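Subject: A structure to look at, with notes on its pockets

Hello,

I am passing on the structure below, followed by some notes on what turned up in it. Please read them alongside the model.

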Amino acid sequence: MRLSQSFLPVLKESPAGAEVASHKLMLQAGLIRQTSSGIYAWLPLGNRVLRKIEQIVREEQDRVGQEILMPTIQPADLWKESGRYDAYGPEMLRINDRHGREMLYGPTNEDMVTALFRDDVKSYRELPRMLYHIQWKFRDEVRPRFGVMRGREFLMKDAYSFDLDEAGAKISYYRQLLAYLRTFRRMGIRAVPMQADSGPIGGKLSHEFVVLAPSGESEVFYDGKIEEVDLEREGLSYDDAEALEALFREATGVYARTDETHEERYWDAVPAERQRTGRGIEVGHIFYFGIRYSEAMGLKVSGPDGTMLVPHMGSYGIGVSRLVGAIIEASHDDNGIVWPEAVAPYKVGIVTMRADDADTVAAAERIYAALGEAGVEALYDDRDERGGVKLGGMDLMGLPWQVVIGPRGLKDGVVEVKNRKSGEREQLTIEDAIAKLSA
RNA sequence: CGGGGAGUGGCGCAGCCUGGUAGCGCAUCUGCUUUGGGAGCAGAGGGUCGCAGGUUCGAAUCCUGUCUCCCCGACCA
């Protein structure tokens, strides 16, 4: 993409009203704009990141489940069936349609997915199943803050498992645990599974996935031993129940809790040199809650012996839009965002130091075209701006690689390739630069 | 929901206390000079001061109401 043709409003000054780094940087680098308290429009740059994260989540979820898409607007009756309509409180946005029917903007989808499943699944032969969708949710938070990390409207992946019994449900839980570990790893961040409260959804088994960042919302305590465990298990098959259970024991067997569930007596048992504390941002949450919804909503299937069975369920959420902020919290510096390559809006930023120099422009065009042919996503700053402005903008936007082209280098036949994260610069010929960035 | 604060050109702010018809920086536009880490000079455009009432000869400024946004806390994917 050419910057001269982009809608990419970068602010020179840090906007008022933003407290945490990710919020400031997202506004400043032109990723989002607020439209109401806790509600944001995603501009091109932010939207690209959001889509990349969404796609990674989708690919990993497709290995354990099937994607569906449920509506944002739900009928209140569904929630009355599960008994949650009154329980949920003012966080739920309730609306009436023109006929006065009670509707709501879904804060989550357990009720709806249970009804959908109940209406069509009648036999034990059709279990287990895992369904997920990636959809916008709305929770009318009393006090939205921290930009997209605590918005009212947010994009979330939520998956739902249906199993014949508790043993099966646990396998589903383990599968999601592994899927989550792999998902976050692919995004270039470390998310530690921590024992959690099951909260208002209610449940028996529950873990939060927490990204460590100084500005995190909750305090976390964990045993450093978890850093040594290879949690993603490259070769591990989702069909290997025993190995999954072993992974679960290993991943959750060490002490790792947020301040909500922290208990000194267990903490004290962790060797002092391995005690790690810090702050964390919750980016995912997995629950096993048994028959809470299936029972309330009349979901049952015929068992092998003709008796009716009530399926055990679990739900598994990932805050997709929140992750955009969380990743920035975990990866930025004084100059701006530092995107992990997997979620960067573009891999390469191309900068011409002198837009009035024909050789410089020709070299930039050549590199831009070559990267395009190689399928490398590049943002080409072809504006007639001073070099410093462009370099500052590139650092702010945080693209993993920058190619800086100017007469000074071209005189010696080279361009500069800079790594945003390490700051390392290399002088390469145009061809070498193209080859390096296309790799 | 309790406590606090703010709404003034696109962005960031001053002016308000002590009413007299709106200003600064950045951005934008034009011209010239510049050009390897956020250029300089000259000129120009752009605001019914959140909204509604009220007081007054006169309101951005004082009073009342209202809406919105932000911060601390409680709450939360």
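The second largest pocket is lined by 18 residues, and V10, L11, R383, V389 and G393 are those that lie nearest its centre; a pocket here is an open set of points on a 1 Å grid over the protein atoms alone where a 1.4 Å probe fits, with protein on both sides within 12 Å along at least five of seven lines, and lining residues have an atom within 4 Å of a point. This is a predicted model, in which local features need pLDDT of at least 70 and side-chain atom pairs count only at pLDDT 80 or more, while totals for chains, interfaces and linings use all residues. Residues are numbered from 1 along each chain as its sequence is written, chains are lettered from A and ligands numbered from 1 in the order in which they are written, and side-chain values use heavy atoms, with hydrogens and water left out.

About 370 Å³ of space lies in this second largest pocket, a volume being the space filled by probe spheres set on the grid points, which are joined across faces, edges and corners. Domain 1 (3-337) and domain 2 (346-438) each provide at least three residues of its lining, with the bounds taken from an automatic or database domain assignment.

Turning to the largest pocket, about 1,100 Å³ of space lies in it. Its lining has 42 residues, and R139, E141, E282, H285 and R322 are the closest to its centre.

Best wishes
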